Amino acid sequence: MPLLPDSAFAPIAALLGLLVGSFLNVVIYRLPKMMHAQWATQAAEFEGRTPAPQPPYNLWRPQSHCPSCGAPVGALQNVPVFSYLLLRGKCAHCDARISPRYPIVEALTGGLSFWVATHFGWGLAGASALVLTWFLIALSFIDADTTLLPDSMTLPLMWIGLLLNVNATFVPLRDAVLGACCGYLSLWLVYWAFRLTTGREGMGYGDFKLLAALGAWLGWKMLLPIVLLSSAAGAILGLGLIVLARRGRNIPIPFGPYLAIAGFLTSLYGAPIVQRLGLG
């Protein structure tokens with residue numbers, strides 16, 4: 001008898017996803033600020049200046065607080081989704097508006113966690129796919145906000161995928177290694193072809209590393225479906241942003257969220273796609 005039946009795994013994963021989504025909000029908001037602070041410190045050291053002392057700032061400190069009045073967010077005010085609804089989207093102390101981004105990320109993480117758990121069932125593959133999903137959610141929002149895909153997330157994600165596939169959790173290790181290498185090199189070649197042709201940069205190095213990570217998890221056969229799906233999603237949603245949101249064509253559109261969407265869907269339904277493409 002399995003340690004945890006599939007019928008219990010999905011709702012537990014959904015509840016866990018809500019909690020993880022609350023933490024992902026912290027990662028999405030703070031990690032870019034931590035990166036900029038680190039870059040400022042490195043720049044000061046390179047120029048021979050003494051970096052200005054800064055108060056501790058990381059994923060754990062300071063405690064979550066209202067950005068308007070500085071009041072700490074208590075445990076009862078930090079219950080995923082429900083606290084936002086009970087507070088009607090306002091701070092309990094100063095009535096400042098709380099961004100709907102927070103419950104959206106929490107609900108999205110919970111919903112996708114339920115989907116993944118239902119698809120894979122209880123086991124190493126199911127638990128690992130949850131971790132992949134959580135990484136992709138955080139990376140998508142960070143890239144959408146800042147056009148950055150932090151190495152501190154993409155590189156660990158790649159190594160986790162390779163380690164999991166030592167025992168072929170998703171694909172044989174050979175396919176995983178080839179997936180990581182080909183994923184990076186394919187976008188690297190596209191980047192340089194575009195740059196040499198137009199004189200402009202079409203994407204960032206973080207996109208190479210994210211596709212390498214997805215290749216490490218899902219294998220080289222999944223790279224073509226991921227690239228095709230992400231390109232289609234990018235074309236459709238990018239056109240929508242230009243038309244509906246009147247976004248200028250010269251404003252860069254992050255590609256990471258589209259890679260993440262394609263990677264997530266391929267992790268669930270990549271096998272039939274690969275068979276249709278004749279790669280199976």
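Helices here are DSSP runs of H or I with at least four residues, and strands are runs of E with at least two, numbered from the N terminus. The model is predicted: local features need pLDDT of at least 70, side-chain atom pairs count only at pLDDT 80 or more, and totals for chains, interfaces and linings use all residues. Residues are numbered from 1 along each chain as its sequence is written, and side-chain values use heavy atoms, with hydrogens and water left out.

**Stop 1: the loop between α1 and α2**

Select R61 and P62. A cis peptide bond joins them, with omega about 0 degrees. P62 sits in the loop between α1 (6-46) and α2 (82-86). Now go to V81, in the loop between α1 and α2. V81 is not a glycine, yet its phi is positive, near 65 degrees.

**Stop 2: α4 from end to end**

Select residues 124-146, helix α4. Its 23 residues reach 33 Å from first C-alpha to last, close to the 33 Å expected at 1.5 Å a residue. The expected span is 1.5 Å times one less than the number of residues. Just after α4, look at T147, where phi is positive at about 60 degrees.

**Stop 3**

Axes are lines fitted to C-alpha atoms, for helices over the stretch in contact, and angles run from 0 to 180 degrees between N-to-C directions. Angles under 35 degrees count as roughly parallel, over 145 as roughly antiparallel, 65 to 115 as roughly perpendicular, and the rest as oblique.

Show the side chains. From α4 come L124, S128, L132, F135, A138, L139 and I142; from α5 come M153, T154, L157, I160 and L164. Contact means heavy atoms within 4.5 Å. The residues of this contact divide into 10 nonpolar, 2 polar and no charged. Ala, Val, Leu, Ile, Met, Phe, Trp, Tyr, Cys and Pro count as nonpolar, Asp, Glu, Lys and Arg as charged, and the others, Gly among them, as polar.

**Stop 4: α4 against α9**

On α4, pick L132, T133, L136, S140, D143 and A144; they meet G256, P257, A260, G263, F264 and S267 of α9. This contact divides into 6 nonpolar, 5 polar and 1 charged.

Stay on α9 and center on Y269. The helix bends there by about 85 degrees, and a proline, P272, follows within four residues. The bend is the angle between axes fitted to the seven residues ending at a residue and the seven starting there. The end C-alpha atoms of the 21-residue α9 are only 25 Å apart, short of the 30 Å that a straight helix would reach.

**Stop 5: α6 against α7**

Finish with helix α6 (residues 173-198) and helix α7 (residues 205-218), whose axes come within 7 Å and cross at roughly 155 degrees. α6 and α7 are therefore roughly antiparallel. Among the contact residues are G179, G183, W188 and W192 of α6 and F208, L211, A212 and G215 of α7. The contact as a whole divides into 12 nonpolar, 4 polar and 3 charged.
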